[in-house]
Amino acid sequence: MSILVYTESENGKLKKTAFEVASYAKGIAELMNTSVTAVSINASDVEELGNYGVDKILKVDNDKLSKFNADAYAEVLTQAAKKEESKVVVLSQSANAKYLAPILSVNLDAGYASNAVKLPIIEDNFTVERTAFTNKAFNQTSISTDVKVIGLSNNAYGLKENESSATVEDFTVELSDDNFGIQVESVDKNTDKVSIADAEVVVSAGRGMKGPDNWDMIEELADVLGAATACSKPVSDMGWRPHSEHVGQTGKPVAANLYIAIGISGAIQHLAGISASKNKVVINNDPEAPFFKAADYGVVGDAFEVVPQLIEKLKEFKANNS
Amino acid sequence: MKILVCISHVPDTTSKINFTDNDTKFDTSGVQFVINPNDEFGLTRAMWFKEKQGASVDVVTVGGKDTEPTIRKALAIGADTAIRVDTEALDGFQVAKELAKVAKDGEYDLVIAGRESIDYNGGMVPGMMAKMMNANFVNTCVSLDIDGDKATAVREIDGGKEKITTTFPLVIGGQKGLVEESDLKIPNMRGIMMARKKPLNVVEPVAADTHTKAEIFRKPAPKGDVKLVDADNLDKLIDLLHNEAKAI
Ligand SMILES: Cc1cc2nc3c(=O)[nH]c(=O)nc-3n(C[C@H](O)[C@H](O)[C@H](O)COP(=O)(O)OP(=O)(O)OC[C@H]3O[C@@H](n4cnc5c(N)ncnc54)[C@H](O)[C@@H]3O)c2cc1C
């Protein structure tokens, strides 16, 4: 009956989202008077999960799973959920979790609510609040199946420390060739830069930057803040920046702690995708730009003057505050 | 190669989002409906396979008669046949089940859907239908090539990309990258005329059950006013971000 939570890792280390989904699973476990079991694949030092309310960790070590494979990973979680007789399975909304969750929900004949932002209301038909219309609305979604799968939006719940002692159990899974219909030939990942999904701070720039050659200062600002870089859609369509940086309704969602928009007008499709960010700053020379209506902080000014100054001042600030 | 492209009929991205019936239903009055952008990239890639590799391309949607202009548009872009499963789309599971049936019955090799629809953002239909059909599945797909009985795909991952090889039957959760924005086709007059003569087959649903129900909607609370900081006083911005927002 334990709540099952998939705690993701990368290169053997648990990701920050793992602690957030564990915190959330603990929240559900308290509502349902049960415990939390985490599943961790090829990760070491999993004990840390105990600080976030996890009671038991099913530790899977399997060479076949060294590269992410959605069907095989879904199979691992399916077997774990059956063993634990779990009625609720919690995942993050990372690219990998979004990939495997629908497969998992078919395996378990479970209803799946993605993009959840709050704890479920158990007594009210098991209803979860989730975002819809790309953050332009919220929807209460009830799940009617016996087993339920919930995908928690990044940074929607936060980390909640909850001291418990987690026991670690080795968990072996049966995998067949059918689970490996997809072969990952190569992975091309920028390891020295934080991804938009994992970043606390995102520095984003738009057509106001005039051309791809002017991105040095955007990169530098991002560097100073340890931020990921992003861009508006036309910037990626024109090839100034790679598509992977395109954020918004038709690009990546951003739910960072701080989103800084430079030379971005604030079109509805752009705002929809980034509005889950907690603090939004806009730097734009047009005081009428719609972004000022959506931002928490704004600077009316020319990016080519404001950004270099901001970089200098932030460097000073960082030097004095570290 | 038989390709099926799944089309979701969604409100245009500039639509005002409002609700009716005590906030239980999306208010469609005055709203323009379009092909879901993620699906349109997939449809356009499918047209490429048709033109260059002789594939056939059918489109399918699950929905009422009101969705027909949207799938007619897909015919005008160049799809051969449209299929409409005549039932209201209620949740991801039900839609996936209806689509999986169409894909199985039609013996399609490749099914291209979008990574998510921009209305409910469920992001579950392609993965669910792949599992229901026992097909291979690539999500957030930004590049797809077919070589005989093999497919090569690139999947976007957090912070990078991954190159994948696989076989058919295959289901794709597509997005921009499958083709570029500039490759998208606006149907021309000839396409629109031809689309009127192409078959639009209305099929009965299998009456799949649902797993979830969208109950009440609400809109986010209105935002407070922006705090403006003078461009000559950026120390103030840093102070606000540090002490008030606690974001740096
Ligand atoms: C179906 C559809 C989906 C879409 N999806 C997305 C999406 O996912 N993401 C997205 O971003 N867009 C999306 N768009 C596009 C969107 O409508 C806007 O066109 C786009 O966001 C505008 O990008 P921008 O703000 O960079 O450019 P612009 O709108 O051209 O804005 C540039 C801004 O820079 C400012 N500026 C100019 N010079 C300076 C300077 N020197 N200093 C400071 N500021 C300056 C200007 O005042 C202006 O506000 C979509 C559109 C459609 C139709």
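So, start at the ligand: one of its oxygen atoms sits 3.4 Å from a polar backbone atom of A:Gly251. Keep in mind this is a predicted model. With A:Asn285 it's the side chain instead, a polar atom 3.3 Å from an oxygen of the ligand. On its own the ligand has 990 Å² of accessible area, and the protein covers 78% of that.

Now zoom out a bit. The ligand is surrounded by 27 residues, and the closest include A:Ser232, A:Ser265 and A:His270. By class you get 16 polar, six nonpolar and five charged. In chain A, α5 (233–237), α6 (268–274) and α8 (303–320) each put at least two residues into that shell.

Which chains surround the ligand? Chains A and B both contribute residues, so we're looking at a shared site.

Which brings me to the interface. Here 83 residues of chain A are in contact with 72 of chain B. About 6700 Å² is buried between the two chains, with 56% of it from carbon and sulfur atoms. Seven salt bridges cross over. One to click on is A:Lys233 with B:Glu181, where the closest N and O atoms are 2.9 Å apart.

Notes: Residues are numbered from 1 along each chain as its sequence is written. Chains are lettered from A and ligands numbered from 1 in the order in which they are written. This is a predicted model: local features need pLDDT of at least 70, side-chain atom pairs count only at pLDDT 80 or more; totals for chains, interfaces and linings use all residues. Side-chain values use heavy atoms; hydrogens and water are left out. A residue is near a molecule or strand if one of its heavy atoms lies within 4 Å of it. A polar contact is a pair of N or O atoms within 3.5 Å; within protein, one must be able to donate a hydrogen and the other to accept it, and residues adjacent in sequence count only if both atoms are side-chain atoms. Accessible areas come from the Shrake-Rupley method with a 1.4 Å probe; for residues, only the protein chains shown count as cover. Helices (H or I, at least four residues) and strands (E, at least two) are DSSP runs, numbered from the N terminus. Ala, Val, Leu, Ile, Met, Phe, Trp, Tyr, Cys and Pro count as nonpolar, Asp, Glu, Lys and Arg as charged, and the others, Gly among them, as polar. Contact means heavy atoms within 4.5 Å. Buried area is the accessible area (1.4 Å probe) that two parts lose on being put together, summed over both. A salt bridge is a side-chain nitrogen of Lys or Arg within 4 Å of a carboxyl oxygen of Asp or Glu.
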